[in-house]
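Hi everyone, thanks for coming. Let's take a few minutes to walk through a structure together, starting with a sheet and ending with a single side chain.

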Amino acid sequence: MTTFYDDLETRSPDQREAELLAALPAQVAHARAASPAFAEILASVDPTAVSSREALARLPVTRKYELLERQQAHRATSPFGGFSAIGFGAAMPRVFASPGTIYEPEGTRRDYWRMARAIYAAGFRPGELIHNSFSYHFVPAGSMMETGAHAIGCSVFPGGTGQSEQQVQAMAELRPAGYIGTPSFLKILVEKAAELGVALPSLTKALVSGEAFPPSLRDWFAERGIAGYQCYATADLGLIAYETSAREGLVLDEGVIVEIVRPGTGDPVPEGEVGELVVTTLNRDYPLIRFGTGDLSAVLPGTCPTGRSNTRIKGWMGRADQTTKVRGMFVHPGQVATIARRFPQVLRARLVVSGEMANDQMVLRVETRETAEGLALQIADAIRDVTKLRGEVEMVLPGTLPNDGKVIEDARSYR
């Protein structure tokens with residue numbers, strides 16, 4: 001049986017890029033025409049001109065908190081804040097809610113959330129039974145995985161969460177080929193089975209998501225005969241990236257255009273630098289254009305040893321929102337970016353907040369090849385102008401600042 005879910009995974013990178021970018025202008029035009037929110041956000045944009053990554057990078061980023069704010073502001077007339085291109089009825093069989101509360105539509109398209117690719121990469125094949133322990137209530141996780149499993153040709157036991165003894169009993173009697181859910185709940189089920197003296201010999205593979213999956217836990221499952229793989233998905237976008245048998249980062253899904261930008265901005269970072277994942281989906285029912293996930297990651301060089309040719313990312317590396325309160329004032333990553341943009345000599349900048357409680361100190365560390373004292377004074381003036389706070393400036397050589405995606409580092413002591 002084939003190693004790949006479909007031929008899209010082994011396209012040449014040039015072919016993939018050309019096909020994604022060829023679909024982009026129509027998706028932007030559709031978002032403007034069918035989504036009231038993007039009609040406003042992209043009002044001044046000519047969709048036909050958005051045919052390159054450079055043009056895409058000039059569009060505004062819509063971040064998750066803005067989606068929530070718009071939903072809350074328009075709840076009476078539009079529960080989806082004007083972002084959905086479909087309405088209640090046959091075109092939208094289900095509606096889900098994520099914490100916030102943010103509502104997400106589910107359309108009728110086969111494998112709506114595009115999860116089949118990740119499930120297949122985890123080793124599941126047609127004709128198998130999958131034990132799905134993601135929640136079926138409020139959030140879309142359970143449906144995400146079930147619809148993906150059905151697209152492959154698998155049957156699904158909708159276990160959901162909780163009731164560990166009953167779930168172990170179902171596993172023992174139905175003998176599923178594997179598990180889908182959070183890694184922590186799988187560990188609970190395996191430990192509960194051991195406690196009850198119940199063998200689960202059929203359980204040999206797992207696709208996990210929703211929380212951290214460290215190598216130590218992956219090895220713990222492997223010692224018990226379970227090969228666990230992870231994927232990265234969100235309730236807004238569906239699948240973004242998935243792990244393969246190579247165990248080298250996560251391969252991007254074929255149905256999204258992913259950028260990694262400097263936190264607080266929409267500016268793409270150089271390949272390998274940590275930044276915020278910004279995703280444009282080709283989903284016509286919920287056409288999110290440059291949607292900021294708030295998650296940090298970085299591109300891995302090269303291609304996957306399995307033969308999948310799409311870009312790989314390192315996986316989840318933290319949160320991009322580093323807004324920090326300093327002396328009673330909020331300082332945002334976007335303000336740091338604004339300061340840096342005023343000076344072409346500045347390559348990268350990182351604001352370090354230190355001191356003890358009620359004695360905050362700010363130092364803006366900037367990578368630059370120019371070390372003239374006058375530049376530091378000008379940057380200090382810009383700090384005061386943009387943030388309304390005083391801060392010192394430390395100029396360092398290019399490559400000095402850590403590659404961890406942090407624009408604001410809170411190094412204060414709270415003891």
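This is a predicted model: local features need pLDDT of at least 70, side-chain atom pairs count only at pLDDT 80 or more; totals for chains, interfaces and linings use all residues.

Now, an example of a bridge. Which residue is the bridge partner of Ala233 in β9? That partner is Leu239. The strands concerned are β8, residues 227-234, and β9, residues 238-243; they run antiparallel, and four bridges join them.

Let's zoom out. These strands belong to an open sheet of nine, with mixed pairing, in the order β5-β4-β6-β7-β8-β9-β10-β15-β14. At the edges sit β5 (155-158) and β14 (299-300), each pairing on one side only. Helix α8, residues 183-196, packs on the sheet, where this helix touches β6 (178-181) and β7 (205-208). The direction of α8 makes about 135° with that of β6.

On to the annotation. An unreviewed UniProt entry labels residues 133-280 as "domain: AMP-dependent synthetase/ligase". That span is 31% helix and 28% strand, and its end C-alpha atoms lie 29 Å apart.

Is Arg11 buried or exposed? Arg11 has a relative accessible area of 8%, so this residue counts as buried, the cut-off being under 20%. Its side chain joins that of Glu19 through a polar contact of 2.5 Å. Leaving aside residues up to four places away in sequence, Arg11 touches Arg16, Glu19, Glu254 and Ser309.

Methods. Residues are numbered from 1 along each chain as its sequence is written. Side-chain values use heavy atoms; hydrogens and water are left out. UniProt positions are given in the numbering used here, feature names are shortened, and annotations may be inferred rather than shown by experiment. Helices (H or I, at least four residues) and strands (E, at least two) are DSSP runs, numbered from the N terminus. Two strands pair if DSSP finds at least two bridges between them. Contact means heavy atoms within 4.5 Å. Axes are lines fitted to C-alpha atoms, for helices over the stretch in contact, and angles run from 0 to 180 degrees between N-to-C directions. Buried means under 20% relative accessible area, exposed over 50%, partly exposed in between (1.4 Å probe, protein chains only). A polar contact is a pair of N or O atoms within 3.5 Å; within protein, one must be able to donate a hydrogen and the other to accept it, and residues adjacent in sequence count only if both atoms are side-chain atoms.
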